[in-house]
Amino acid sequence: LENELLSVTCTAPVNIALIKYWGKRDEEKILPLNPSLSITLDVDDLRTKTTVVASKHFDRDRLWLNGKEHDISSKRMQTCITKLRQGAGDLRSDDGTLLIAKEEWKHYRFHIISENNFPTAAGLASSASGLACFVYSISQLLCFKETFPGELTTIARQGSGSACRSLLGGFVLWECGIAPDGTDSIAKQMDTGDKWKHLRIVILIVNDQQKKTSSTAGMQTSVQTSDLLKFRSKEVVPVQLSRMRDAIKEEDFTTLATITMQESNQFHACCLDTFPPIFYLTDVSKEIIQFVHDYNAKCGGTFVAYTFDAGPNAVLLTQDENLDKLVASLYQRFGFFPVTREGVTSSVCESPQSD
Ligand code: PMV
């Protein structure tokens, strides 16, 4: 193997938070102020694909994102690489022959080529899929062995908080944890059996430009200045999370949809309560919010929910039986949006694919 190039290619999907993560209690280890809950989108339209090539002859680690070389010396990426190297295992052939002993990996450097097939840093969770894919593909190449369940999610978390949730499919809970070293702040898949097969997601791209305030910078100012954020993480999230978990268990769309909208609104209220304020929603985003409330009122129930992350683009949740009607109404109201409408993972444990 002296002159061989070793390579692994993986894909990882984005996830959309229904209970939002906003604010860290430990900046260094990326420990959140509150637990969060998301849904992983099991679609090919929104994913990161990463190829990692390892060689003893590369002089340093390098990273290309969407065809452009990026600095890989950021503390977060270096933390992930160091932790993955620490947990590296032996590489063996199918018949068990030792090809690379774990101590040998320290002589290898990586070239990492990553691409998103959707707008990067536009509030569509590109850092979640990107860092999940980064961590997962290197872990595959290094034959990484977890020393405790969920360890890989703690590494992805240190790349970008929400990335820990993109390592798993379906509904995923990122636990806040209490341990100072962060080993219990892991992501876990919720077991939903064969429920939620009819859940559908519609994504409305309002603006695909990069956001002005990164989530890292935005969270820091919010933690420093927003009283609403303090109140929310202590008093509101625990109650909403417990109600959301019950709604997921019972396949109760109305409750899930209601909490999802309230959560999105409170997150953006915290952004407004931040000083100076952060505006992620645009007038079009607000029109979408109004549209959803009008639509539900007209239909006499809660058939659609919206949620917005750190950007103006809307993620709508609905159920299969309502999808065609909703899409028709959206076209009627907004004319032309590039609309993606796809299914969402149900309960099946879907790790990112590797080949
Ligand atoms: O993981 P980050 O640093 O990109 O932060 C994500 C923050 C939100 O998308 C707004 C909420 C969330 O829980 O994903």
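Mentor: Let us begin with the domains. In this predicted model, 25 residues of domain 1 are in contact with 31 residues of domain 2. Strand 2 (residues 15-19) contributes the most to the side of domain 1 that touches domain 2, namely 4 residues. The model being predicted, local features need pLDDT of at least 70 and side-chain atom pairs count only at pLDDT 80 or more, while totals for chains, interfaces and linings use all residues. Residues are numbered from 1 along each chain as its sequence is written.

Trainee: What makes two residues count as being in contact?

Mentor: Their C-beta atoms, placed from the backbone, must lie within 7 Å.

Trainee: Where do the bounds of the two domains lie?

Mentor: The domain assignment gives domain 1 (6-193) and domain 2 (199-343); such bounds come from an automatic or database domain assignment. Taken over C-alpha atoms, the centres of domain 1 and domain 2 are separated by 26 Å.

Trainee: Why is helix 1 called roughly parallel to helix 2?

Mentor: The axes of helix 1 (residues 75-86) and helix 2 come within 10 Å and cross at roughly 25 degrees. Angles under 35 degrees count as roughly parallel, over 145 as roughly antiparallel, 65 to 115 as roughly perpendicular and the rest as oblique. Helix 1 is therefore roughly parallel to helix 2. The axes are lines fitted to C-alpha atoms over the stretch in contact, with angles running from 0 to 180 degrees between N-to-C directions. Helices (H or I, at least four residues) and strands (E, at least two) are DSSP runs, numbered from the N terminus.

Trainee: Which residues meet between helix 1 and helix 2?

Mentor: C80, I81 and L84 in helix 1 meet F134, V135, I138 and S139 in helix 2.

Trainee: What makes helix 5 roughly antiparallel to helix 6?

Mentor: Helix 5 (residues 227-249) and helix 6 (residues 253-273) pack at about 165 degrees, with their axes 10 Å apart. The angle falls in the antiparallel range, so helix 5 is roughly antiparallel to helix 6.

Trainee: How do you know that S126 is buried?

Mentor: S126, in helix 2, has 23 other C-beta atoms within 10 Å. A residue is buried if 20 or more other C-beta atoms lie within 10 Å of its own, exposed if 12 or fewer, and partly exposed in between, with C-beta atoms placed from the backbone. S126 is therefore buried.

Trainee: Is Q209 buried or exposed?

Mentor: Q209 lies in the loop between strand 14 (199-204) and helix 4 (215-225). Q209 has 11 other C-beta atoms within 10 Å, so Q209 is exposed.

Trainee: Why does W196 count as buried?

Mentor: W196 has 20 C-beta neighbours inside 10 Å and therefore counts as buried. W196 is found in the loop between strand 13 (187-189) and strand 14, and has a positive phi of about 65 degrees although it is not a glycine.

Trainee: What makes a set of residues a nonpolar core?

Mentor: Such a core is a set of buried Ala, Val, Leu, Ile, Met, Phe, Trp, Tyr and Cys residues joined through C-beta atoms within 7 Å. The largest nonpolar core has 90 residues, of which L84, A132, V135, I138, A156 and L316 touch the most other members. Helix 2 (residues 126-141) supplies the largest share of this core, 9 residues.
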